[in-house]
Every structure is written in C-alpha cells, then in structure tokens.
Amino acid sequence: MFISHETLQLLIYTGVALTLTVIMVEFKEMARVTLFGSRNDGGVSFDPARDIPPLTGKVILITGAAGDLGREMAIKLAKYGQPARIYVSDLPRDESAKKELLNRIAHEAYGNVEPEDPKTTAPSDLQFLDLDLTSFESVRNCAAEFAAREERLDILVLNAGIIRVATGTTKEGYEIHFGLNYLGHALLSKLLVPMMLQTVQRQSSADVRVVVVSSEGHAMAPKGGIQFDKLKTDCAEMSYSQRYGQSKTALIGLTRELARKYPQLKVVAVHPGRILTGMAASLRRESLLVRLTAPIAPLMCVPVKVGIRNHLWVATSPEVVSGKYYEPVGVPDKETAVAKDEALSKRLWEWTENELKGVASLE
C-alpha cells in the first residue's frame, strides 16, 4: 500500500500531538498532587525504635508484604514490636521464593536468624500466605487459610496496590486498579473482621486495628470520585491516574464505613508519602512523563525506610482516631471534599456489599 509523503507527515504530526496531549493531561493531574499535595517531613515526631510499643502476643497480617513498603513494615514491627506472628501475604510463588522472602525479613529485623531454624529462633514467627487480590477465589482462600491457622487477628494492613498505564480487568471483570487496590481488600476485610471482633470480645482491652493504605493520589479521581457505572469495564476512557485515584478514594470511603459500623475496632487510612519504591520503577517503564521527571524524583521523594513511618504510626500510636485519613506523619483530614463525602462512602458500601454477596463467609 502506497502512503504519500503528505499523509505520512500528517500521521506523524497526529501521533506527536496525541503523545503531547497525553503527557499534558498526565502532567496536570500529577502536578496537582506533587506540587500542592502533602509533605513528607511534616506532622508528629515518630521514631520506630523509640515509639513502637511492645506487640507481645499480637497477630498481624500485611498484604503486599513482598513489596518495598509492606516488607519494611514487617521488618520494623518484627524488630521493635516483636508480635507473636506476622503473616506476609502476596502473590503466589514457589516455596524457595517464599522462604527467601521470610529469611530476608528475619535477617533485617534480627540479624542472622532463620524462621525455621530452632537454633536461631526469631522473636516473631513469620509466615507466608498466597494472595491474588484480582481474584475473589484467591482472596477467600487466603482468608480461609489464615482462619485455619489462627484464632485472633490484631492488626490487618491493607497495603498491596498497583498503579499502571495499561488498562486491564480482574478475573471478575472489574477495572484492575479498582479491583485490586479496593475491591479485593474490601472482600478480605469483610471475611476477616469477624475474627477481629472476636479478638476484642476475648480481651476487652485489646487494641485491634485495620490500616488501609490509600494515597494523596486520591485527588486525581474522576469527577464525582467514583464512576460506579464503569467499574465493571476497563475504564479505558479515563487516564491511568484517574483510575488509580478512583481506587484510592474508595479506600478512604471503606475506612469511614468500617469505622462507623465497627466502633470496637480502630480503622484508619494512610497516605505513606512520596516514596521511591518498586511500584514507581514499574510505572517508569510505561509512562514517558515519569521517565522524563525521573532525575528530579529524589528531590521530591524519600526512601522507604523514611516513608514507612506513617504506616507504623497509624498501626501502633495511641493517638490514632478511628475513621480518619492521615498524611505523613499523623496529619489528619487532608483528603479532598469528594473523599469526605459521607453519601459517597455509604453508596460505595452498598455497592460493595452487592458485588460481594456471592462470596461465602468463613463461618
């Protein structure tokens, strides 16, 4: 097929124009958060070594704990809190990879110990749970496996998440960000909250918490916060940052509704800060803007060991107020007006209950 020089030029110009348009839209959305969002160095003074209290006897489950933030949280809680057990839940992998991950956490927390070596027993028992948040079946299997091993759950950390340019859907057909970041976690909490309530009933003084990892990126959500009629599509007409922002807005709504319905628990949402993680490195491969701004990223971001402080503060501080969203460190009420909308969070709860009604409880 012959293409004239003029047609070829038009195609090139059109492609360049579309690329520039995408970059400008992405820049506008990212700048709104990056330039005018939260700071990494504000709020209360918190030193994990000094301020994490003893967590003796407690059982903790962290999703996405093979990733940078989740793994660092497990390390710090194991090192300074020394709970009875920490469950690392993440994508399925072979037994050698699971052991390598657990050994790495134990080594960074305690030095030269191995979880399965009785000669060098670590203060906290570390265990792995398979979890694919894009599959209802996998989420339920994870919760069932946990319930088969434990009778209590003191801290549930809904930490796993993605941000990516490519569109996609979960196994049940939900937009991939919303399905993994929000709906999979909503199902996991729905299945495990009864055990958390039982933990409180057995010990009235128990401090039982759900930590929900949202993001200041919730500010990039589309108009209205959540476009309910499009959630069971790939939302291709949205930018990736809007799809991500929608899921993070939903997590703030989940926090508010869980706190309202279960006053026995402390349920808090957290923005960890702008952190240099593997998730950012993955996004760099897909986003031209992220690649272009990579040289200045260290000026606006902090390493994981610093960024983890807000996670740890909401998981352990006595100052935490249930139902709140906190930016670093311990700074409340910075969410957008849409994210504060109680009517939206109630609608989200009703929508979520309807979508999850086909999943059997563990009881």
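C235 is where I start. Is C235 buried or exposed? Its relative accessibility is 0%, so C235 counts as buried. The cut-off for buried is under 20%. Keep in mind that this is a predicted model.

Now another cysteine, C142. C142 comes out at 2% relative accessibility, so C142 is buried too.

Next, V208. Find the loop between α6, residues 176–202, and β5, residues 209–213; V208 sits there. What does V208 touch? Leaving out residues up to four places away in sequence, the list is L153, D154, M196, T199, V200, L265 and K266. R152 and V208 are 56 residues apart in sequence, and their C-alpha atoms are 9.8 Å apart in space.

Stay with α6. It packs with helix α13, residues 342–355. The angle is about 75°, and the axes are 11 Å apart. The two helices are therefore roughly perpendicular to each other. Which residues make the contact? From α6, we have F178, Y182, L183, A186 and K190. From α13, we have L348, W351, T352 and E353. By class, that contact has six nonpolar, one polar and two charged residues.

Last stop, helix α12, residues 309–316. This helix is mostly covered, with seven of its eight residues buried. Among them are H311, L312 and W313.

Key
Residues numbered from 1 in each chain as written. Predicted model: local features only at pLDDT ≥ 70, side-chain atom pairs only at ≥ 80, totals over all residues. Heavy atoms only, no water. Buried < 20%, exposed > 50% of the residue type's maximum accessible area, 1.4 Å probe, protein only. Helix = DSSP H or I, 4+ residues; strand = E, 2+ residues; numbered from the N terminus. Contact = heavy atoms within 4.5 Å. Axes fitted to C-alpha atoms, helices over the stretch in contact; angles between N-to-C directions. Parallel < 35°, antiparallel > 145°, perpendicular 65-115°, else oblique. Nonpolar A, V, L, I, M, F, W, Y, C, P; charged D, E, K, R; others polar.
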